[in-house]
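Please read the following note alongside the sequence and the structure. The points are numbered so that each may be checked in turn.

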Amino acid sequence: MSLVRSIATVSGFTLLSRLLGFCRDILIAGMLGAGGMADAFFVAFKFPNLFRRLFGEGAFSAAFIPLLAGDIEKRGMDAAREFAARAMSMLILITGFLVAIIETLMPWAMYVFAPGFAENPEKFELAVELSRITFPYLAFISAVALMSGVMNTLHRYAAAAAAPIILNICLIAALLGLAPITETPAHALAWGVAIAGVAQFLMLVIACKRVGFAIKWQMPRVDDRIKLLGKRMIPGMIGAGVYQINLLIDTMLASLVSDGAVSWLYYADRVQQLPLGVIGIAIGTALLPTLSRQLQGDDAKTAMYSQNRGIEIALLLTLPAAIALGVMGLPVINVLFERGAFGAEETLMTGMALTVFAFGLPASVLVKVLAPGFFAREDTKTPIRIGISCMVLNIILIVVLMPWFGHLGIAAATSVSVWVNATSLGFILHRRGDLTFDARLARRIPRILVASALMGSALWFAIDAFWQNDALSITRIITMAAIVTGGMAVYAVSAQLLGATSFSELKATLKRGKPA
């Protein structure tokens, strides 16, 4: 399976998941708004998700997939199964212990995670209660990350990419089914998170068994391979999760800004997560096992080609998405969320945050694309050095900007720090000789920029001419759909005419399943 086809598989399921996520967030916005109850749930939801992305998806995948790929290529499938089983037992033991500790220390942990909530005892207690319900999700979803790594290494991307769909279905069902019988809608959502963890775990267990890679439980035992896995996980926890740590810092400081600031940033980030997930995470997910197996097979030339194509696809899809969100931030939030408890002020605050976040979107995607270049070469130390520097920069910028610009200063600091992160990763890979732009990529980057700028100009004039914030809901939806469709058409035609991409080349690549 080619890299392009792998990315397309992950992107398709991720797109479905993100669309369901929008349905979920629209329901949340309508029922919870952007006040204290919403802030409490979003913190409770982010709490286990931060650890999940550091322990499970980030650090674990970055360290586990190259080792598993090496076992498959050099030691055989039986050795790979044994390694995966030992890794699973240790991961469940560690995350289970962490869940027990955090559940016990939850009130004190909340002082660290959302210190601003302490000024509102009711909001603080609700956040603690909801977090205790959601936190066990960490143990189940970390095991899901391991099994997803197995499936991706085997180039079976569908099951792992579909797992987040289960989460969104569970949360939507909880809002519609459990909210009438729980204390608050936020409690229903928290229980939906917990149920989703179990459901995703069972789905991946079945998927692994179907491909002949059933992971059998065994008593935790540390051997040299597990020690190596742990050693590589430690730096990867920050290197692969720097974006999530930045969001944690944003949440902590946003809780000090004003009531609703956590929610404004959450809703804005959720919108930019659509292109970030569909493009960045999809490319990174497909690229890491691809590079790992190519490098394990001593095929550095093909690995360089794959890295270039990953960057090309990322920029081709991300730059227009970033410009579109920057130009259309307020109208997008207006259409998606302004109803029920989510009013015009919430739209304004969230829309401005989305515009600022959009500036950093291309960099966030490039981090996902460039990081596998280190992880596939079994280097998890370099990203941690870059990650620490960027986190320090993020904190400094927030402290400087937040007093002047409030929650927008937090969004701006995040965008700047992620650009520094992406630039640093690319520079170091290039200096080592592991990343050199080929002629095709160097030729297409400026053309992608021009095509994106033309699309952005078209969107700007369309919004100015046709958009009305106070129009009927159905009118706004139709207008937005027409403007977005027109913008996509302008970009597609511009990209083809300028030579930013070749649709015939992409079609041929998808058909024959190998690089064009």
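1. The greatest contribution to the lining of the second largest pocket comes from helix α15, which supplies 6 residues. The model under review is a predicted one, and the remarks below should be read with that in mind.

2. The second largest pocket holds about 290 Å³ of space. It is lined by 14 residues, and those closest to its centre are Leu370, Ala422, Thr423, Gly426 and Phe437. Three helices each provide at least two residues of this lining: α11 (300-327), α13 (344-375) and α15 (407-431).

3. Is Pro362 buried or exposed? Pro362 has a relative accessibility of 5%, and because this value is under the 20% limit, the residue counts as buried. When residues up to four places away in sequence are set aside, Pro362 touches Thr318, Leu319, Ala322 and Trp419. One of these, Thr318, lies 44 residues from Pro362 along the chain, yet the C-alpha atoms of the two are separated by 5.6 Å.

4. Lys123 deserves a separate comment. Lys123 belongs to helix α4, which spans residues 121-134. Its relative accessible area is 10%, so Lys123 is classed as buried, the limit being under 20%. Which side chain makes a polar contact with the side chain of Lys123? The partner is the side chain of Asp39, at 3.0 Å. Apart from neighbours within four places in sequence, Lys123 is in contact with Gly36, Asp39, Ala40, Phe117 and Asp259.

5. In soluble globular proteins, nonpolar side chains tend to be buried together. The largest nonpolar core of this model has 158 residues, and the members that touch the most others are Phe41, Phe64, Met110, Leu146, Val150, Leu229 and Val271. Helix α10, covering residues 261-296, gives the most to this core, with 18 residues.

6. Leaving out residues up to four places away in sequence, Val271 touches Phe22, Leu325, Val332, Ile333, Leu336, Phe337 and Leu354.

Note on methods
Residues numbered from 1 in each chain as written. Predicted model: local features only at pLDDT ≥ 70, side-chain atom pairs only at ≥ 80, totals over all residues. Heavy atoms only, no water. 1 Å grid on protein atoms, 1.4 Å probe; cavity = no way out; pocket = protein on both sides within 12 Å on 5 of 7 lines; lining within 4 Å. Points joined across faces, edges and corners; volume = space filled by probe spheres on them. Helix = DSSP H or I, 4+ residues; strand = E, 2+ residues; numbered from the N terminus. Buried < 20%, exposed > 50% of the residue type's maximum accessible area, 1.4 Å probe, protein only. Polar contact = N/O pair within 3.5 Å; in protein donor to acceptor, adjacent residues only side chain to side chain. Contact = heavy atoms within 4.5 Å. Core = buried A, V, L, I, M, F, W, Y, C linked by side-chain atoms within 4.5 Å.
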